[in-house]
Structure formats: structure tokens, C-alpha cells
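Subject: Structure handover

Hello,

Here is the structure I promised to pass on. Please open it first, then read my notes below.

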Amino acid sequence: MPFGDVSIRTQSPCFDQNPHYARLIYDKQVTGTGLVNEGFKGIGVKGGESYDFSFYARSLATTPVTLRIQLVGKDNVPFDTREIEVSEKKWDKYTTTFSPQKTEALGRLRIQVLTPGTVDLEHISLFPQKTFNNRPNELRADLAQALKDLKPGVFRFPGGCIVEGTTLETRYQWKNTIGPVENRPTNVNRWNYTFDHKIFRTISNLTD
């Protein structure tokens with residue numbers, strides 16, 4: 001969810017197969033400028049565990065633009081904060097690691113521009129370090145282990161209506177899921193209209 005001066009652009013994107021990115025402009029507006037991601041009815045984090053945060057960005061300002069990234073609780077109070085300075089005029093990847101001491105089932109991720117300027121953001125990712133086989137950006141450890149323990153012969157993936165899509169063009173196509181996540185073609189996110197609390201149209205380059 002955006003707040004302040006935020007728009008979606010496609011000119012000179014970071015990735016050709018996934019050309020949409022967010023442009024954030026801050027000129028000391030009272031409301032501020034930034035983005036909030038609530039996940040799926042909240043982002044669950046565990047105290048004492050680590051979470052890798054990354055995004056691609058470029059600055060259109062004459063001076064570096066500082067971003068404040070926060071994990072925010074359901075009470076709207078931040079419980080872990082990082083600041084990153086974006087200075088490159090060309091697309092570059094920025095990373096940091098959150099190590100919250102608080103367990104929060106209904107958290108949110110908030111990104112706010114702190115200094116005046118214009119910055120473009122693309123492929124924002126927050127991912128737990130603790131995954132199945134401890135591989136970066138891998139599957140959720142407990143669920144994947146439970147599936148492995150079943151010793152299945154065959155898995156049908158994905159399942160449900162996401163396979164058929166809403167049109168022939170939006171049907172699930174395996175070939176589009178191969179390669180770097182950030183440069184996979186986007187697809188319609190059915191959560192946009194399946195769940196009443198999702199009131200904004202969204203797109204995703206990951207399968208449901």
C-alpha cells in the first residue's frame with residue numbers, strides 16, 4: 001500500500017521480463033512518502049531469527065536518498081529498523097538483515113523516504129534465513145520437511161484454480177517460472193479479487 005507521492009513506471013526498467021517498478025518522490029510532505037506491505041493478513045516473524053531484506057533501486061536525485069525500512073507490529077509500533085542510502089544513478093541491489101527480538105504474527109513491512117529526492121524501487125524482498133536445507137530464498141522449513149516425510153512419488157504443483165488462470169494468457173506456464181525470480185514474467189494475482197480485504201489490483205511474478 002503506497003502513501004505520499006508514489007507511482008508505477010515502466011520506462012527504463014531494471015528487468016525486461018518484469019518491467020514495473022515504483023517511483024517514490026519526497027519533498028518534505030507532511031504525510032511522507034513510502035510503501036507498506038501487510039503480507040497475507042500480516043507478516044509473521046519470530047524473535048531471535050534473522051530475515052534477509054533486499055531491493056533494487058536507483059536515485060534520480062542530486063544527493064543520496066535515505067530510506068528507512070521497518071518491521072512494524074499490529075499496534076503500528078516499529079520493532080526493528082534499518083536505514084539504507086541510495087546513491088547510484090543506475091539500478092543496483094541493496095541488502096540488509098533484520099534480527100527482531102520480538103515475535104509478531106501480524107507484522108508489516110514499511111519503507112519510508114527520509115530525505116528529499118526521487119528514488120525508483122524494484123523487486124523488494126523480505127525472506128527468512130531459516131529455510132528448508134538452509135538454502136537462500138527456499139521453501140518454508142516445517143512445511144517442506146512435512147512433505148518430504150510423506151515420501152511421495154509424485155507432487156502435482158501447483159494445485160487449485162491458479163492452474164487454469166482467468167484467461168488463456170494468465171494460465172500457469174512452467175517455462176515462465178524458470179530463472180531468476182526478479183526477472184520472471186508477471187501474472188495476475190488472484191488474491192486481488194478472491195479476498196475482500198484486498199482492495200488494490202496487484203501483480204505477482206510468483207505462483208500462488
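A residue counts as buried when its relative accessible area is under 20%, and as exposed when that area is over 50%; anything in between is partly exposed. Y56 has a relative accessible area of 13%, so Y56 is buried. Please keep in mind that this is a predicted model.

**Overview**

The chain has 208 residues, and 34% of them are buried. It holds two helices and 13 strands.

**Aromatic pairs**

There are five aromatic pairs in the structure. One of them is F15 with Y56: the ring centres are 5.0 Å apart and the planes stand at 85°, so this pair is edge-to-face. F15 sits in the loop between β2 (5-9) and β3 (21-26), while Y56 belongs to strand β6 (residues 51-59). The pair therefore ties together parts 41 residues apart in sequence. F15 is buried, at a relative accessible area of 11%. Y56 is buried as well, at 13%.

F53 and F55 form another pair. Their centres lie 5.6 Å apart and their planes meet at 55°, so the pair is tilted. F53 is buried, with a relative accessible area of 1%. F55 is also buried, at 2%. Which residues do ring pairs link into a cluster? They are F53, F55, Y94 and F98.

**Salt bridges**

The whole structure contains eight salt bridges. Here are some of them.

- E83 and R68: the closest N and O atoms are 3.8 Å apart. E83 is in strand β8 (residues 78-86) and R68 in strand β7 (residues 65-72). The pair links distant parts of the chain, 15 residues apart. R68 is partly exposed, with a relative accessible area of 28%.
- D80 and R82: their side chains meet at 2.7 Å, N to O. D80 is buried, at 9% relative accessible area. R82 is partly exposed, at 23%.
- E104 and K102: their side chains meet at 3.5 Å, N to O. E104 is buried, at 6% relative accessible area. K102 is partly exposed, at 31%.

There is also a network of salt bridges, which links R23, R58 and D120.

**A second look at E104**

E104 is found in strand β10 (residues 104-113). Besides the salt bridge to K102, the E104 side chain has a polar atom 3.0 Å from the backbone nitrogen of L106. What does E104 contact, leaving aside its neighbours within four places in sequence? The residues are I43, G44, V45, G73, K74 and F79.

**T33**

T33 has 0% relative accessibility, so it counts as buried. Which backbone atoms does the T33 side chain approach? One is the backbone oxygen of I25, reached at 2.9 Å. Another is the backbone nitrogen of D5, which lies 3.4 Å from a polar atom of the T33 side chain. Leaving aside neighbours within four places in sequence, T33 is in contact with F3, G4, D5, V6, L24, I25, Y26, I111, Q112 and V113.

Finally, find L147, L150 and F155. They make a nonpolar surface patch of about 330 Å². L147 lies in helix α1 (residues 141-149). Is L147 buried, partly exposed or exposed? Its relative accessible area is 40%, so L147 is partly exposed.

Best wishes

Conventions: Residues numbered from 1 in each chain as written. Predicted model: local features only at pLDDT ≥ 70, side-chain atom pairs only at ≥ 80, totals over all residues. Heavy atoms only, no water. Patch = residues over 30% accessible without salt bridge, like charges linked within 9 Å, V, L, I, M, F, W, Y side chains within 5 Å. Areas by Shrake-Rupley, 256 points an atom, 1.4 Å probe, with all protein chains shown as cover. Salt bridge = Lys/Arg side-chain N within 4 Å of Asp/Glu carboxyl O. Helix = DSSP H or I, 4+ residues; strand = E, 2+ residues; numbered from the N terminus. Buried < 20%, exposed > 50% of the residue type's maximum accessible area, 1.4 Å probe, protein only. Polar contact = N/O pair within 3.5 Å; in protein donor to acceptor, adjacent residues only side chain to side chain. Contact = heavy atoms within 4.5 Å. Phe/Tyr/Trp six-rings, centres within 6.5 Å; stacked < 30°, edge-to-face > 60°.
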